[in-house]
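Good morning, everyone, and thank you for making the time. Please look at the sequence and the structure as I bring them up, and keep them in view while I talk.

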Amino acid sequence: MNEKLNRALIFSGGGTRLMIYLGVFAALEEAGMKPEVLIASCGGAFAATVINAFPDNLSRKNYLTSEEYYRFVSHTTLTKHRKLSEIGLFSLKKLIHNKNAPYIEDVFTRYLVEMNQNLAEDFPSLQHTQLSQEIPTVVIGSELLFTPSETGQKRNDKKLYQKIMFTDAQTAKRIRPEKVMIHSENLQKSAIEMIPKLKTDVSMLDATRISISDMFYVAPALLHGTYFAGGAVDLIPVELARHLADQVIIEKKQSYSPVEEAFVQAVLGYSGNKRLEEIEQQAPDLQIDTANIKHVLEGHYIKKSIDWKKFEIALSLPKSHQQFVEDQEKQWQYGFDQTMKGINGKRLPA
């Protein structure tokens, strides 16, 4: 199956961006630019799940303002690593020793946010959703090539992560893994295997749980005795998008912070900011600019901060369902408006 699709849309993560991505998708559809394939990594995988679970933009929007989803968000719990004596000192060490994965990091026990292994327990409305139920979908994740007993050991150039493309059997026929390799020196020397693999026997929710398992934020997913980790191995898989479609639409990401950059280098062995430069050089057909997101949505999304009295990381969770709904509406509208601005600034052929 060699014929390319017309348009690919990449959702590239961020826990506060789920409703924004639904606004992006709705805007593209209204503009007559609905994507023919959806590629999602990290938090973007959850937005992809919601799009596949419901047949129209209104029902998708309604779900992300529902009691079910609000209950999940409002009950977010941080682990003991929220203490600055834990995550603060650890972050400082990684900033000082800024090297490309010299050791096998412990991603099994050191993470910030508690999350069920089985997301169906939190999202019963989504448990029967299939990959590509509404639109051909590829979710990015990775299989861990090391065990908990190996953490702390020197890596010695061993590859630690096998990138996995989770999708349905029909979409898989369109993908030739050797054609979507990333050939930059930045990635060649990383801890990630060069040639990705396809996997078509995983449910949508399981693929999502895998993709959102970012290092030091959420524990790896354990599925049928195998550990999987998040889509950070390829946050913006533009090579895959180009392989599948003639036009590529992405979110223009902000640069990694020094701590985020240090974490990516320590665990995955490459520079996240160099990777963003590489993506920019590949000239996506449409970039949706969300650089002003923190300013425009100030007070209307979950924000990490430091509680100096408790000397720990804290989250600004919504205090009521009504506030949550208002915040979600603002996020959806922001995604919709920014997409329309991008479209009007760079009109693509239908």
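I will go through the core, a pair of helices, some strands, the salt bridges and a surface patch.

Let me begin with how to read what you see. This is a predicted model, in which local features need a pLDDT of at least 70 and side-chain atom pairs count only at pLDDT 80 or more, while totals for chains, interfaces and linings use all residues. Residues are numbered from 1 along each chain as its sequence is written, and side-chain values use heavy atoms, with hydrogens and water left out.

Now to the core. A nonpolar core here is a set of buried Ala, Val, Leu, Ile, Met, Phe, Trp, Tyr and Cys residues joined through side-chain atoms within 4.5 Å. Buried means under 20% relative accessible area, exposed means over 50%, and partly exposed lies in between, with a 1.4 Å probe and protein chains only. The largest nonpolar core has 112 residues, and among these Tyr-161 and Leu-268 touch the most other members. Helix α1 (residues 18-30) gives the largest share of this core, 10 residues; helices (H or I, at least four residues) and strands (E, at least two) are DSSP runs, numbered from the N terminus.

Which residues does Leu-268 touch, if we leave out those up to four places away in sequence? Its contacts, where contact means heavy atoms within 4.5 Å, include Ala-101, Tyr-161, Met-215 and Phe-263. Leu-268 is also one of the buried residues of helix α10, as are Phe-263 and Val-264. This helix, residues 258-268, is mostly covered, since 8 of its 11 residues are buried. Just after α10, Gly-269 takes a positive phi of about 80°.

Strands count as paired if DSSP finds at least two bridges between them. Strand β1 (residues 5-12) runs parallel to β2 and is joined to it by 5 bridges, and Ala-8 has Val-37 as its bridge partner. Strand β3 (residues 137-144) also pairs with β2 in the parallel sense, over 4 bridges, and there Val-139 stands opposite Ala-40.

Ala-245, in strand β8 (residues 245-252), is buried because its relative accessible area is 0%. The C-alpha atoms of Ala-245 and Leu-38 are separated by 10 Å, although the two residues are 207 residues apart along the chain. Ala-245 also touches Lys-4, Leu-5, Asn-6, Arg-7 and Ala-8, not counting residues up to four places away in sequence.

Let us turn to charged pairs. A salt bridge is a side-chain nitrogen of Lys or Arg within 4 Å of a carboxyl oxygen of Asp or Glu, and the structure holds 13 of them. How far apart are the closest N and O atoms of Asp-234 and Lys-163? They are 2.8 Å apart. This pair links distant parts of the chain, 71 residues apart, with Asp-234 in the loop between β7 (226-229) and α9 (238-244) and Lys-163 in strand β4 (residues 161-166).

Lys-34 counts as partly exposed because its relative accessibility is 38%, and Glu-29 is partly exposed, with a relative accessible area of 29%.

Finally, the surface. Leu-89, Leu-92, Leu-95 and Ile-96 form a nonpolar patch with about 380 Å² of accessible area together. Such a patch joins nonpolar side chains (Val, Leu, Ile, Met, Phe, Trp, Tyr) within 5 Å, from residues with over 30% relative accessible area and no salt bridge, and accessible areas come from the Shrake-Rupley method with a 1.4 Å probe. Leu-92 lies in helix α5 (residues 84-96) and counts as partly exposed because its relative accessibility is 47%.

Note on methods
Patch = residues over 30% accessible without salt bridge, like charges linked within 9 Å, V, L, I, M, F, W, Y side chains within 5 Å.
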